[in-house]
Amino acid sequence: MAKVVVVGGGVIGLSIAYRLAVDGWHVEVYEAGRLGGGSSWAGAGILPAASLAHVDDPYERLRGYSHQLYRRWSAELRELTGVDNEFRQCGGWYLARSRAERATLTAQKILWEEQGIQCQHCYYDDLVQAEPSLNQIQPGEIATEGWLVEEDCQVRNPRHIQALVSACQKLGVVLHEHTEVVDVGWDADQKVIGVRISDRLVAADHYCFTAGAWTHAFLEKFNLSNGILPVRGQMLLYQLEQPICNSVINEGHRYLVPRLDGHLLVGSCEEEVGFACETTAEQLEALAMWAKSILGESLPEQTVKAWAGLRPGVFDGMPYIGPLTRHPNIWFAAGHFRSGLHLSCGTAEAIADCMKGNAPKVDLNPFRPDRYWQPN
């Protein structure tokens with residue numbers, strides 16, 4: 001079987017490595033830090049409902065495809081490794097305490113219904129009956145309203161990463177942590193002959209770059225302009241004796257995610273601060289205040305942990321997935337922004353299909369890494 005070098009050991013890179021290894025390919029993964037240590041671990045593991053029904057938009061089709069794969073992938077990973085990633089259909093509430101948010105969710109309801117995704121609109125009394133922990137929610141510009149999407153799911157992302165790492169090891173994937181790929185090696189005909197690690201060149205049949213926000217630099221090595229940039233998010237973690245709510249609670253871009261063991265994640269924010277990956281007192285305080293405005297005195301005073309991660313944002317909202325036109329053995333899979341975990345299964349399946357010469361279940365042409373390149 002062919003040899004593939006994957007540059008980047010986040011959820012996208014590990015998923016591609018796992019999927020190729022299932023088919024017997026020889027795969028090596030090179031990660032500059034620790035495996036899964038970037039934005040893959042820093043997120044909350046929310047998997048918003050998605051569908052392939054009545055969907056023409058390429059991004060939404062990829063999201064629907066990946067969403068329907070998650071249950072099967074989770075079961076297969078658990079059977080292979082014994083690691084339970086705690087995938088579960090928990091449902092998600094979308095709250096509105098302002099006129100603007102109510103208008104946004106009213107429009108979103110139309111999109112949900114067009115895709116066959118059921119949602120239920122509730123006013124305050126029914127919302128609190130379903131989620132008693134919201135009985136201390138602070139009023140806003142309007143009386144609190146909620147939209148329930150029962151098909152929303154979640155996965156415990158650190159355990160999902162653990163399952164992927166274990167699966168890769170069991171399937172013979174060679175994993176290299178703290179090993180940075182610093183350059184690409186070329187021959188006289190401008191053909192890629194390897195990736196450079198310190199003073200060593202590693203050769204393969206295919207090279208796949210999945211380094212999150214750092215993929216920007218690798219695209220530039222192929223003279224490809226691109227819109228990948230780091231966007232920082234920050235998170236808080238609380239511990240309660242039991243889950244404080246049943247479902248994920250969303251308001252705008254912020255959320256509460258309850259784990260089965262009583263942990264509660266609070267996120268997040270979007271900050272364009274370059275590659276600065278540290279928490280700030282200002283943002284953590286804002287997250288804590290928002291969570292308290294939802295849960296009141298039920299929220300513990302002390303947090304267990306706080307952290308930050310860098311998401312690979314993109315200017316046009318479309319990740320870069322697939323091979324290069326001029327270098328068909330060079331592949332990219334990056335720029336998934338806040339949805340890397342959610343899109344990882346579909347991305348991996350599509351990349352694996354294309355590498356094997358098969359038609360992927362979703363069309364990758366709109367995601368071409370060189371979609372802005374013009375031949376001379």
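Which residues form one aromatic cluster? W186, F209, F218, F222 and F332 do.

Before the rest, some conditions. This is a predicted model, where local features need pLDDT of at least 70 and side-chain atom pairs count only at pLDDT 80 or more, while totals for chains, interfaces and linings use all residues. Residues are numbered from 1 along each chain as its sequence is written, and side-chain values use heavy atoms, with hydrogens and water left out.

Searching the whole structure gives 9 aromatic pairs. Rings of Phe, Tyr and Trp (its six-membered ring) pair if their centres lie within 6.5 Å; planes under 30 degrees apart are stacked, over 60 edge-to-face, and the rest tilted. One of the pairs is Y70 with F87, stacked, at 6.3 Å centre to centre and 10° between the planes. That pair links distant parts of the chain, 17 residues apart: Y70 is in helix 3 (residues 58-81), and F87 is in the loop between helix 3 and strand 4 (92-96). Helices (H or I, at least four residues) and strands (E, at least two) are DSSP runs numbered from the N terminus. Y70 and F87 are both buried, meaning under 20% relative accessible area, with exposed over 50% and partly exposed in between (1.4 Å probe, protein chains only).

Next, a charge over a ring. The charged end of R371 sits over the ring of Y320, 4.2 Å from its centre; the criterion is NZ of Lys or CZ of Arg within 6 Å of the ring centre and within 35 degrees of the ring normal.

Last, H206, which is in strand 12 (residues 206-209). H206 is buried, at 15% relative accessible area.
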